[in-house]
Amino acid sequence: MERHRIVKIQIAAVETTFGRMVGRNSKGENYGINQREWLVQATTDSGLMGLTNARPAMNSGSVQRLAGILGELLGRDLFEFHRISGGLVTGVPPRWSQYLLENGFVSYLLFDLMGKALGTPAYGLLGSQVRARIEAYDSTLYFQDLVRPDEGAGAVASDAAEAVRKGWQAVKIKLGRPGRWFEPHAGMQRDVEVVLRTREAVGDRVKILVDANNGYDGKPALLEAFVRETASARIFWMEEMITEDLSGYRRLRDWRDRHTPSTMLVDGEGHQGRNPIYWKLMEEGLLDAIQPDMLHMGFWPYWQLALEIRDSGFNTKIAPHNFNAAATGLRGVIQFGAACPAFVIAEDSTLAFDLYRVAGGFEGGSYLVTQAPGLGVEVDPEVYRRRHAATETVLHA
Amino acid sequence: MAADVITQASVTPVPAWYAKELGKNAYADNIGSMRLEWVVRIRTAGGVEGLTIANSYMRRPDASVASLLSLLRELFLGRKASELVSMNGKAVVGPGRSLEVAFREHGWASIGAFDLVGKSLDVSCVEMLGGPARESVEAYDSTLYFQDFLNPELGAGQCAMEAREAVQAGYRQIKIKTGRGGRWMLPEAGMRRDVEVVHAIRDAVGPDVRLMVDANFGYDGHLPLLEDFVRETAPDDLFWLEEMITADVAGYRALRTMVERHGSRALLVCGEVDRSPISPVWLDLIREKLIDGYQPDIVSQGFLNWLSIERSLEASAILGIPHDFGNGVFGVPAGVAWGLANHRFAVLESERSPSVIYDMDGYRFADGAWSYSGGPGLGISIDEETWGRTHARHETTVEG
């Protein structure tokens with residue numbers, strides 16, 4: 001295989017905007033108007049350029065630490081990080097297995113480069129294409145009622161309607177107001193009102209997903225009331241209504257079966273899918289989809305997880321968390337979903353970065369899977385030069 | 001029931017918007033455009049109302065509206081307003097019986113007590129704090145975060161542009177966030193950008209505007225770079241250097257030496273992360289005259305804790321410069337009341353959120369300073385028309 005040595009790495013903070021204030025969820029403070037990526041570009045001596053978003057490393061780290069992580073790539077051939085056979089990735093050599101487990105975001109960059117070197121989309125390194133379109137849900141409907149209190153629940157409903165006008169056919173609503181920011185009973189009532197108003201605003205055909213960020217922990221009576229009172233809204237999935245727990249999930253499944261049997265129960269953002277409780281829930285049929293963060297975990301470990309769930313005979317699907325991963329993260333999820341049979345739907349923080357040129361399109365609430373090599377996204381060199389070049393951090397081999 | 005018995009307390013989240021997006025500081029990601037002000041209203045049977053905010057309480061990871069309501073019930077309901085504080089004439093001399101521990105832990109609640117008692121007795125908080133020490137309170141704009149990250153195309157020029165806007169809005173003092181090398185840039189590049197930003201702002205606002213810098217400990221572990229920063233910015237005549245490093249006697253000795261070596265006149269200030277009673281490391285820094293100003297938060301500590309801090313500082317020449325960021329609009333009346341009454345007070349931190357719910361007719365900002373024409377308690381009340389239209393739906397009340 002032709003050698004492609006990584007010789008240069010550029011790091012730049014890239015800021016963009018949601019276009020409106022995104023409020024809090026059940027546990028955290030306001031998300032804000034702006035969102036950002038830590039764009040990393042790696043260049044090979046053959047002239048290939050691959051990219052990723054280093055946000056996972058920067059959530060608690062520093063540029064200095066990130067430079068240390070990325071510095072390990074310099075001087076290396078891009079094909080030494082994965083085993084490849086018949087054009088497919090088949091494993092990770094021991095030298096890099098821990099590194100890539102700890103820094104899953106680096107795999108985006110490597111799959112982007114490998115795809116470009118081999119002339120294949122990144123999904124082609126995992127398997128065959130199983131779908132041509134990736135449905136996506138707008139994931140920016142936080143507690144907008146606390147941002148625009150004069151509108152109450154209508155603030156969420158009107159933002160959902162706006163998302164549908166822009167093309168999304170699925171929206172996720174943050175719930176769990178009983179957890180922290182409301183008096184518990186008032187919070188449950190507001191959650192119900194938000195769901196029902198949103199259904200009214202978006203019509204019957206749009207999927208409504210809800211995510212309580214565990215905001216119903218310790219409040220089973222309120223959770224049952226929520227499930228019962230929102231049955232008419234035909235919620236597509238309920239996510240993190242409570243912290244993963246067998247008895248809690250058994251109760252939740254019973255309420256779901258009684259009031260809204262088509263609703264999926266989804267959970268499991270953390271621990272790269274390896275926490276034993278996830279497997280106990282899967283074993284009992286209590287987890288309809290699992291959601292580790294794609295950018296944190298990286299392509300190969302995620303692919304392995306999907307295969308292991310399938311091979312265990314569990315009926316749990318894959319729905320990667322992707323909120324903080326922003327635009328670059330979404331490109332990775334689209335690639336993964338193109339090859340993964342168990343994939344459900346992509347989380348979309350709906351951000352537009354004028355810095356990126358993206359292959360494929362967005363139609364009817366779905367992203368079209370591109371056949372462009374790698375991740376199917378390029379940096380606009382002129383925008384980068386004008387806006388970011390002066391403040392980038394550059395590492396050389 | 002006696003008219004001054006407290007029968008009702010409520011909590012309401014109210015958005016407090018900044019005039020712009022605030023970027024990162026040395027350790028935290030973007031501050032954003034809006035924070036909630038957790039407004040607490042405490043009412044007596046006779047209809048007198050005291051106000052405070054519970055922002056610092058709600059920032060605790062285990063806090064919730066439910067737990068806050070329990071606390072308000074325990075602290076206030078069934079008590080007489082007159083029993084909340086102990087007074088000598090018009091001056092407050094301490095907490096009411098059995099409230100010492102609670103007001104030390106939840107200083108913000110003591111401000112609500114001051115406001116309620118002041119309104120009950122028709123006495124201003126300034127008088128309750130010992131009477132006026134000055135006619136107005138100077139204020140500094142504290143919204144110059146890492147704005148260069150928000151508009152990298154302009155870079156340091158973005159910070160300079162926003163500093164000019166602050167001066168046009170009437171501010172004569174501006175604080176600049178620094179410490180970029182702590183997390184968001186490589187250490188040396190971060191120091192260079194910090195210097196560039198300070199130079200650009202000094203050029204933009206001229207020599208008469210007072211400039212301070214605050215590194216939020218961004219130079220920890222980088223003393224040689226800190227010395228570079230001190231040397232390079234000495235011509236910019238910085239008024240103070242805040243939290244350049246974590247409080248530590250050896251570190252501050254080194255910093256004091258740097259400042260003197262490079263002819264800087266900058267004061268050394270820190271302490272916003274401390275609380276009453278003053279912690280040993282700050283007592284050491286104060287005793288060795290290694291800091292010139294001490295900065296626990298005015299609202300989270302509250303008036304009673306700050307009175308206690310003042311007693312501890314009596315023998316020193318330390319300035320009291322209460323931190324007042326994250327306190328929304330309410331931070332203005334709380335900080336102004338304290339500043340007007342306190343001889344040691346230096347300048348008020350301002351996050352420049354416009355008032356949407358408070359009637360603050362007695363307050364006026366002009367020529368870089370707040371003045372206050374008087375009124376009982378803090379001299380503010382709720383604009384009930386706005387409240388009813390916009391915020392009442394999110395008010396949760398406990399009664400008893």
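Colleague: What makes residues of chain B and chain A count as being in contact?

Modeller: Two residues are in contact if their C-beta atoms, placed from the backbone, lie within 7 Å. By that rule, 30 residues of chain B are in contact with 29 residues of chain A. This is a predicted model, in which local features need pLDDT of at least 70 and side-chain atom pairs count only at pLDDT 80 or more, while totals for chains, interfaces and linings use all residues. Residues are numbered from 1 along each chain as its sequence is written, and chains are lettered from A and ligands numbered from 1 in the order in which they are written.

Colleague: Which elements give two or more residues to the side of chain B that touches chain A?

Modeller: They are β1 (6–22), β2 (32–44), α2 (65–76), α6 (147–150), α8 (187–205) and α14 (384–391) of chain B. Helices (H or I, at least four residues) and strands (E, at least two) are DSSP runs, numbered from the N terminus. The largest share of this side, five residues, comes from β2(B).

Colleague: How do the residues of that side of chain B divide by class?

Modeller: There are 15 nonpolar, nine polar and six charged residues on the side of chain B that touches chain A. Here Ala, Val, Leu, Ile, Met, Phe, Trp, Tyr, Cys and Pro count as nonpolar, Asp, Glu, Lys and Arg as charged, and the others, Gly among them, as polar.

Colleague: Why is B:R183 called buried?

Modeller: A residue is buried if 20 or more other C-beta atoms, placed from the backbone, lie within 10 Å of its own, exposed if 12 or fewer, and partly exposed in between. B:R183 has 23 other C-beta atoms within 10 Å, and therefore it is buried. Its place is in the loop between β7 and α8 of chain B. Not counting residues up to four places away in sequence, B:R183 touches A:S62, B:A26 and B:Y27. The C-alpha atoms of B:R183 and B:A26 are separated by 6.3 Å, although these residues are 157 residues apart along the chain.

Colleague: Why does B:A189 count as partly exposed?

Modeller: B:A189 has 17 C-beta neighbours inside 10 Å, so it counts as partly exposed. The place of B:A189 is in helix α8 of chain B. With residues up to four places away in sequence left out, B:A189 touches A:T393 and B:G181.

Colleague: Why is strand β8 of chain B said to be largely enclosed by the rest of the structure?

Modeller: Four of the five residues of β8 (residues 210–214) of chain B are buried, so the strand is largely enclosed.

Colleague: How do you know that strand β7 and β8 of chain B pair?

Modeller: Two strands pair if DSSP finds at least two bridges between them. Strand β7 (residues 173–177) of chain B and β8(B) have five bridges, in the parallel sense. One bridge joins B:K175 to B:M212 in β8(B).

Colleague: What makes a set of residues a nonpolar core, and which residues touch the most other members of the largest one?

Modeller: A nonpolar core is a set of buried Ala, Val, Leu, Ile, Met, Phe, Trp, Tyr and Cys residues joined through C-beta atoms within 7 Å. The largest nonpolar core has 256 residues, of which A:V171, B:I174 and B:I201 touch the most other members. The most residues in this core, nine, are given by α4(A). Among the residues that B:I201 touches, not counting those up to four places away in sequence, are B:C159, B:I174 and B:L211. In soluble globular proteins, nonpolar side chains tend to be buried together.

Colleague: How is chain B divided into domains?

Modeller: Chain B has domain 1 (6–129 + 380–399) and domain 2 (136–372), and such bounds come from an automatic or database domain assignment. The C-alpha centres of these two domains of chain B lie 26 Å apart. In chain B, 37 residues of domain 1 are in contact with 44 residues of domain 2.

Colleague: How is chain A divided?

Modeller: Chain A has domain 1 (6–126 + 380–396) and domain 2 (133–377). In chain A, the C-alpha centres of the two domains lie 25 Å apart, and the contact takes 42 residues from domain 1 and 50 residues from domain 2.
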